[in-house]
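Subject: Structure for your review

Dear colleague,

Please find below the structure that I am handing over to you. I would be grateful if you could look through it alongside the notes that come after it.

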Amino acid sequence: MLPGEEIIHVLPQDYKVDGQAEIKAPIGMYGGRLEANFHVVVGQVSSIRNVGRCIKSAGLELSNITLEPLASSEAVLSQEEKEAGVALIDIGGGTTDLAIFKDGIIRHTSVIPFGGNVITEDIKEGCSIIEKQAELLKTKFGSAWPGENKENEIVSIPGLRGREPKEITLKNLSKIIHARVVEIIEQVYLEIKNYGHEETKKKLIAGIVLTGGGAELKHVKQLVEYITGMDTRIGYPNEHLAGSTDIDLSSPAYATAVGLLMKGLDKKSKNENVTVNSNVEYSKNNESDFRPKVDRKSIFEKWAEKFREFLDNAE
Ligand SMILES: Nc1ncnc2c1ncn2[C@@H]1O[C@H](COP(=O)(O)OP(=O)(O)OP(=O)(O)O)[C@@H](O)[C@H]1O
Ligand SMILES: [Mg+2]
C-alpha cells in the first residue's frame with residue numbers, strides 16, 4: 001500500500017483448508033490450517049476525507065464508505081447474474097467503474113478515470129461551442145453509433161451574443177462521441193480480459209450490465225456488444241424496488257444512490273437485531289425452538305477485520 005492510502009474493502013474470494021483449494025464456504029469443515037484470498041480495495045485518504053466533508057456539510061452523517069461499482073451492482077444485478085458471471089460497467093461523469101462477479105463472489109474491481117464528462121469536453125472542443133450546449137447536444141441528439149445518423153440531419157446551435165448560429169451535423173456529433181466511447185470501452189474490456197474472461201472457468205456467462213448516466217447514451221449498448229462480443233443489457237436501479245417507484249428512479253444515473261440506500265438499510269436492519277451478551281433476546285419460532293437472537297460476527301468477518309488492521313498498520 002502506498003503512503004496516503006487507506007483500505008476501503010477486504011472482500012474474501014476463496015479459501016484453502018489444509019491445502020485443499022477453491023473452497024467457497026469453509027464453515028463447518030474440519031482442518032488445521034485455513035488460508036484465504038482477498039480482494040482488497042484501497043483509496044486515497046484525502047479523497048475519502050473530502051467526501052466525508054461534503055456529506056457533513058450537506059447535514060448528513062457518514063456511516064461508511066463503499067466503492068461505487070459495488071453499490072451500483074447492489075441495485076442493478078441479480079443473484080443469478082452474479083453466479084453466472086457478469087461485468088458491471090458504471091459509466092459516470094468523471095469515471096467509468098467496473099465490477100466483475102463470478103460464482104456469486106466479487107472477483108475484480110477497477111476505476112477508469114474517464115466518463116461522460118470527457119465526451120462533453122470533446123464535443124465542446126470539436127464543435128467550438130460552450131459546455132452547456134455540448135452537454136445538451138450529447139444528451140438530446142448524441143449517439144455512439146454514427147451509422148444511425150444521416151448526412152442531412154443538422155442541429156442549429158444559437159451563437160453567442162449576436163454571432164451567427166452554428167450548424168452541426170448529427171453524423172459528426174456521433175463520430176466525436178463514438179471515438180471517445182470506443183476508447184473508454186476498450187480500456188474496460190482490457191480489464192475484463194486481464195481478469196481472465198477468456199478462460200473457460202472464468203467466463204462471464206451473463207455478459208455485461210451497463211449503468212450510470214452514460215448508459216443513457218443512445219446506441220451505447222450496441223457499441224459495447226460490438227467491441228466486446230459480450231451479451232449486454234442496461235441496468236435500471238428500480239429493478240429490485242418494490243411497489244410503484246418514482247419514474248426518475250428508473251434512470252441508470254441513480255444506480256449508485258439506490259445501491260447505497262439498499263446497503264445502508266440492510267446494515268441498519270442488521271444493527272437493529274444486534275443484542276449484546278447481557279441482553280440476549282430469545283425468539284420463539286415453534287414450541288421446541290428457542291434460539292438466542294444474537295447477531296454474532298462470523299469468524300471470516302473477524303478475519304477480514306484483522307487483515308484490514310494488519311494492512312493498515314503495515315505502512
Ligand atoms: N441521455 C444521456 N445521454 C448521454 N449521456 C448522459 C445522458 N444522461 C446523462 N448522461 C451523462 O452521464 C454522466 C453522469 O452520470 P452519473 O450521474 O452516473 O455520474 P456520477 O455518478 O455523478 O459520476 P461518477 O460516477 O464519475 O462519480 C454525465 O457525463 C452525463 O452527461
Ligand atoms: Mg457514478
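The notes below describe what was found, beginning with the whole chain and ending with single residues.

Please keep in mind throughout that this is a predicted model.

Overall composition

The protein chain has 315 residues, of which 29% count as buried. Its secondary structure comprises nine helices and 12 strands. When contacts between residues at least 6 apart in sequence are considered, 60% of them join residues at least 24 apart.

In soluble globular proteins, nonpolar side chains tend to be buried together. In the present model the largest nonpolar core has 49 residues, and Ala87 and Leu88 have the most contacts inside it. Helix H6 supplies the largest share of this core, with 11 residues.

Helix H2

Helix H2 covers residues 68-76 and is mostly covered, as eight of its nine residues are buried. These buried residues are Pro69, Leu70, Ala71, Ser72, Ser73, Glu74, Ala75 and Val76. Among the elements that cover them are strands E4, E5 (96-102), E6 (105-112) and E9 (208-211), together with helix H8 (255-273).

Helix H4 consists of 12 residues, 116-127. At 1.5 Å a residue H4 should span 16 Å, and its end C-alpha atoms are 17 Å apart, which agrees. Which residues of H4 are buried? They are Gly116, Ile119, Thr120 and Ile123. These residues lie on the same side of H4, because they cover an arc of only 100° around the axis. An α-helix has 3.6 residues a turn, so residues three or four places apart point the same way. The buried residues of H4 pack against strand E4 (86-91), helix H5 (131-141) and helix H6 (170-195). H4 is followed by Ser128, which has a positive phi, near 50°.

Helix H5 can be described in a similar manner. Its buried residues are Ala134, Leu137 and Lys138. They cover an arc of only 95° around the axis, which puts them on the same side of H5. Lys132 and Lys140, on the other side of H5, are exposed. The packing partners of the buried residues of H5 are H4, strand E7 (154-157) and H6.

Why does Lys140 count as exposed? Lys140 has 9 other C-beta atoms within 10 Å, and a residue is exposed if that number is 12 or fewer. The C-alpha atom of Lys140 is separated by 9.2 Å from that of Lys218, although the two residues are 78 residues apart along the chain.

Surroundings of ligand 1

Ligand 1 is surrounded by 20 residues, and the closest are Gly92, Gly94, Gly116, Gly213 and Glu216. H4 and H5 are the elements that give two or more residues to this shell. By class, the shell contains two nonpolar, 14 polar and four charged residues. Gly116 was also listed above, among the buried residues of H4.

Individual residues

Gly43 is located in strand E3, which runs over residues 34-44. With 17 C-beta neighbours inside 10 Å, Gly43 counts as partly exposed. Apart from its neighbours within four places in sequence, Gly43 is in contact with Glu5, Glu6, Ile8 and Ile48. The C-alpha atoms of Gly43 and Ile65, which are 22 residues apart along the chain, are separated by 10.0 Å.

Asp18 is found in the loop between strand E1 (5-17) and strand E2 (20-23), and it has a positive phi of about 50° although it is not a glycine. His219 lies in the loop between E9 and helix H7 (220-228); phi of His219 is likewise positive, near 65°, in a residue other than glycine. Are these residues buried or exposed? Asp18 counts as exposed, with 11 C-beta neighbours inside 10 Å. His219 has 20 C-beta neighbours inside 10 Å and therefore counts as buried.

Yours sincerely

Note on methods:
Residues numbered from 1 in each chain as written. Chains lettered and ligands numbered in written order. Predicted model: local features only at pLDDT ≥ 70, side-chain atom pairs only at ≥ 80, totals over all residues. Helix = DSSP H or I, 4+ residues; strand = E, 2+ residues; numbered from the N terminus. Expected span 1.5 Å × (residues − 1). Arc of directions from axis to C-beta. Contact = placed C-beta atoms within 7 Å. Near = placed C-beta within 6 Å. Nonpolar A, V, L, I, M, F, W, Y, C, P; charged D, E, K, R; others polar. Core = buried A, V, L, I, M, F, W, Y, C linked by C-beta atoms within 7 Å.
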